[in-house]
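Visitor: I would like to go through this model with someone who can take me from the overall layout down to the packing and the contact between chains. Could we do that in order?

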Amino acid sequence: MALSAADRRLLAAIETGLPLVPRPFLVVGERIGLTEAEVIEGLRSLLARGVLRRLGIVVRHHELGYRANAMTVWDVPDEMVRDAAARLVALPFVTLCYRRPRRLPLWPYNLFCMIHGRDRARVEAEIEEATRAAGLMGLPRAVLFSRRRFKQQGARYTAGWPAQGEAGWTTSIAGS
Amino acid sequence: MDDVDRRLVNALQGGFPIAERPYAEVAKMLGLAEAEVIERLAALREAGVLSRFGPMYDAERLGGAVTLCAMAVPEERFEAVAAIVNGFPEVAHNYARAHALNMWFVLAVERPEQIAATIARIEVATGLEVLNLPKLDEYFLELKLTA
């Protein structure tokens, strides 16, 4: 997707976070020489084009009390993956679901799903429920609970762009 | 974190208004004052509960790339390897997990060709093989937690 220099300036200006003032888009505009209306229009356009998924917040699950974080994976015949994934994402406790390549012999699993919860016993019960609901009983499965989080930092996509801000945040890019 | 904070976090995980007075709109939705919303967000950011407040990008549409990587790290080297891996600015997050493949991290780069180059550098720096597990299909997008 072609991004204009103006798009890039705008993205860079908001990358470090929205100012916590009553008119944040006015402040963002002042940093890069745009009016408040131009900033709002520009951001709406980036959303409409799908470059921005949304503005919003990402929480650190651990600080919120979500201590049990289970990456659950199955080895699913390729032709069954789409159906199984559709059933998984319909479950309220499934937060992410992907198909990824197998890397044999170390890694035979191709369907990934994340379940975050406050306590491990409940997450384990949810994994069983997910396995049944998605019709994955009897297929090879592994559950990888997180033991420690070493780093949760923001991905930056505007490094080297003009008017680059300092990125201090973190993100929960799909895949955590 | 109290009930009001929880409602605020839940509301904002779904999105933030793009309007002249966005905090006032959020405040109205939750029955709060604009100033209170701003103060609470500042406190949550300070406390580290909010890891991010702002734009969520679609990395691919921006020309970048993201992938999930896994390594089998010998226990006695775990701390040292974690320090090396976390020292790469391309590593967005990194988790220890209970499995033979015990280190799982996400790479986020500006251009797709940097994925292979970064993995090669991490392999050289650690002396360990990195499995690259890019997403082939995504079935769900939002990471939305009930606070």
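Guide: What follows is a set of questions and answers on this predicted model.

Visitor: What order of helices and strands does chain B follow along its sequence?
Guide: Chain B contains five helices and six strands.

Visitor: Is chain B compact or spread out when judged by the globule rule, and what is its radius of gyration?
Guide: For 147 residues the globule rule gives 15 Å, and the value for chain B is well over that, so the chain is more spread out than a compact globule. Along its principal axes, the C-alpha trace spans about 55 × 35 × 25 Å. The radius of gyration of chain B is 19 Å.

Visitor: How many Å separate the centres of the two domains of chain B?
Guide: The domain assignment divides chain B into domain 1, covering 3-46, and domain 2, covering 65-133. Taken over C-alpha atoms, the centres of domain 1 and domain 2 of chain B are separated by 36 Å.

Visitor: What percentage of the contacts in chain B between residues at least 6 apart in sequence join residues at least 24 apart?
Guide: As to burial, 36% of the 147 residues of chain B count as buried. Among the contacts between residues at least 6 apart in sequence, the share joining residues at least 24 apart is 53%.

Visitor: At what angle do helix α1 and helix α3 of chain B pack?
Guide: Two packed helices are described by the angle between their axes and the distance between the axes. Here helix α1 of chain B (residues 3-13) and helix α3 of chain B (residues 34-47) have axes 11 Å apart, and they pack at an angle of about 90°. That makes α1(B) roughly perpendicular to α3(B).

Visitor: Which residues of α3(B) are met by α1(B)?
Guide: By class, this contact of α1(B) with α3(B) has four nonpolar, no polar and two charged residues. From α1(B) come B:Val4, B:Asp5 and B:Leu8, and in α3(B) they meet B:Val37, B:Arg40 and B:Leu44.

Visitor: Which element supplies the largest share of the side of chain A that touches chain B?
Guide: The contact takes 69 residues from chain A and 64 residues from chain B. Elements that each supply at least two residues of the chain A side include α1 (5-14), β1 (52-59) and β5 (141-152). By class, that side has 39 nonpolar, 15 polar and 15 charged residues. The largest share, 10 residues, comes from β5(A).

Methods:
Residues are numbered from 1 along each chain as its sequence is written. Chains are lettered from A and ligands numbered from 1 in the order in which they are written. This is a predicted model: local features need pLDDT of at least 70, side-chain atom pairs count only at pLDDT 80 or more; totals for chains, interfaces and linings use all residues. Domain bounds come from an automatic or database domain assignment. Helices (H or I, at least four residues) and strands (E, at least two) are DSSP runs, numbered from the N terminus. The radius of gyration is taken over C-alpha atoms; the globule rule is 2.2 Å times the number of residues to the power 0.38. A residue is buried if 20 or more other C-beta atoms lie within 10 Å of its own, exposed if 12 or fewer, and partly exposed in between; C-beta atoms are placed from the backbone. Two residues are in contact if their C-beta atoms, placed from the backbone, lie within 7 Å. Axes are lines fitted to C-alpha atoms, for helices over the stretch in contact, and angles run from 0 to 180 degrees between N-to-C directions. Angles under 35 degrees count as roughly parallel, over 145 as roughly antiparallel, 65 to 115 as roughly perpendicular and the rest as oblique. Ala, Val, Leu, Ile, Met, Phe, Trp, Tyr, Cys and Pro count as nonpolar, Asp, Glu, Lys and Arg as charged, and the others, Gly among them, as polar.
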